[in-house]
Amino acid sequence: SSELPRVFGLFFNQNKNLLFTDKAVTKAIDQAIDKDKIVREVLFDYGNAIDNPIPPNMIAYQKLPVKNNSSREVILQNIQESLAKDGWSKGGDGFLQKTVTEKKKKKVTQTLEFSISTGNAEELAKTAEIIKQDLFKIGMKVHIKTFEIGNLNQNVIRPRDYDALLFGQIINDESDLFAFWHSTQRKDPGLNVAMYTNAKVDKILEDASITIDKDSRIKKYIQFEDEIKKDIPAVFLYSPKFIYVISKNLKGFSMSNITSPSDRFSNIYSQYTETENSWKIFTKQPAP
């Protein structure tokens, strides 16, 4: 198996659901989702839980996830206390509610409720269900909407018609981050599905794309990660591994970090299953 340059996450559309402008809410979502459980039950441990927008196989830029050693019960209790400070309390139906004042000074009760749109692939559907269960434990109401991939792309992603999008990004090179996070890429055909806007991040990505020195470029992407973590435009969930089964008889096979499945053939010239015996007289090196 080998790390794939893929980042799967839950991307928030603040334009469609204003709940995601509340950092107390997005932070609670991030903390409540059991990412290790997703890796264990959905990927069967062939993947890594992540907290960053840059995939783990880009080692030079990758920060190790900060592990919370507290029990799930303690984590969930802390989340609920944080949401209570933000004005959220459970209603009669068990879901979180908050009284807010609208523009005309009219008080309304708002429920902490949103939908997750995703593809109908088994991996994505299972992940969405785990997220729904995790958020239910802290009083968030989640609806899951699954679509055939063509329908998802054309009628959901392109018009940005979703509250939260459970989706994956293929990042073959660090320069791809521009397409996913620069504010100019918010609208179709851009790939900024979080509809994210941050002038500082824009400048960092622009500078990084023209920075030749590797160490300087790494510093830029570390700054980029830090800004994304502050704003929480998405919850990063996991990066899957590529799994390849080979015969035990195959010799000379190696597979380091790959960007696409076909890369497993990059050293095919050195792979073999049999060797042929040669007389020593033909293998002896001639005298100089």
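Q: Where does threonine 197 lie?
A: Threonine 197 lies in the loop between H6 and H7, where helices (H or I, at least four residues) and strands (E, at least two) are DSSP runs numbered from the N terminus. This is a predicted model, in which local features need pLDDT of at least 70 and side-chain atom pairs count only at pLDDT 80 or more, while totals for chains, interfaces and linings use all residues. Residues are numbered from 1 along each chain as its sequence is written, and side-chain values use heavy atoms, with hydrogens and water left out.

Q: How does threonine 197 count by relative accessibility?
A: Threonine 197 counts as partly exposed because its relative accessibility is 48%; buried means under 20% relative accessible area, exposed over 50%, and partly exposed in between, with a 1.4 Å probe and protein chains only.

Q: And what is threonine 197 in contact with, leaving aside its neighbours within four places in sequence?
A: With those neighbours left aside, threonine 197 is in contact with Ser183 and Arg186, contact meaning heavy atoms within 4.5 Å.

Q: Which peptide bond is cis, and what is its omega?
A: The bond that joins aspartate 188 and proline 189 is cis, with an omega of about 10°, and proline 189 has its place in the loop between H6 and H7.

Q: Moving on to H8, which of its residues are buried?
A: Arg217, Ile218, Tyr221, Phe224, Glu225, Glu227 and Ile228 are buried in H8, and the buried residues of this helix pack against helix H6 (177-181), helix H7 (199-209) and strand E10 (234-242).

Q: What span should H8 have, at 1.5 Å a residue?
A: The 18 residues of helix H8 (residues 214-231) should span 26 Å at 1.5 Å a residue, which agrees with its end C-alpha atoms being 26 Å apart; the expected span is 1.5 Å times one less than the number of residues.

Q: At what angle do H1 and H3 pack?
A: Helix H1 (residues 23-32) and helix H3 (residues 72-85) pack at about 175°, and their axes are 10 Å apart. That makes H1 roughly antiparallel to H3, since angles over 145 degrees count as roughly antiparallel, under 35 as roughly parallel, 65 to 115 as roughly perpendicular and the rest as oblique. Axes are lines fitted to C-alpha atoms, for helices over the stretch in contact, and angles run from 0 to 180 degrees between N-to-C directions.

Q: Which residues meet there?
A: From H1, Ala24, Val25, Ala28, Gln31 and Ala32 meet Arg72, Ile75, Leu76, Ile79 and Leu83 in H3.

Q: Now the strands: in what order do E4, E5 and E6 form their sheet?
A: The three strands form an open sheet in the order E4-E5-E6, with antiparallel pairing, and two strands pair if DSSP finds at least two bridges between them. Strand E4 (89-90) and strand E6 (107-111) stand at the edges with a single partner strand each, so one side of each has no neighbour in the sheet.

Q: How many bridges join E5 to E6?
A: Five bridges join strand E5 (residues 96-101) to E6, and lysine 98 has glutamine 110 in E6 as its bridge partner.

Q: What about E2 and E9, how many bridges there?
A: Seven bridges join strand E2 (residues 6-12) to E9, and the two run antiparallel, with glycine 9 standing opposite phenylalanine 167 in E9.

Q: Is arginine 160 buried or exposed?
A: Arginine 160 is buried, at a relative accessible area of 8%, and its phi is positive, about 60°, although it is not a glycine.
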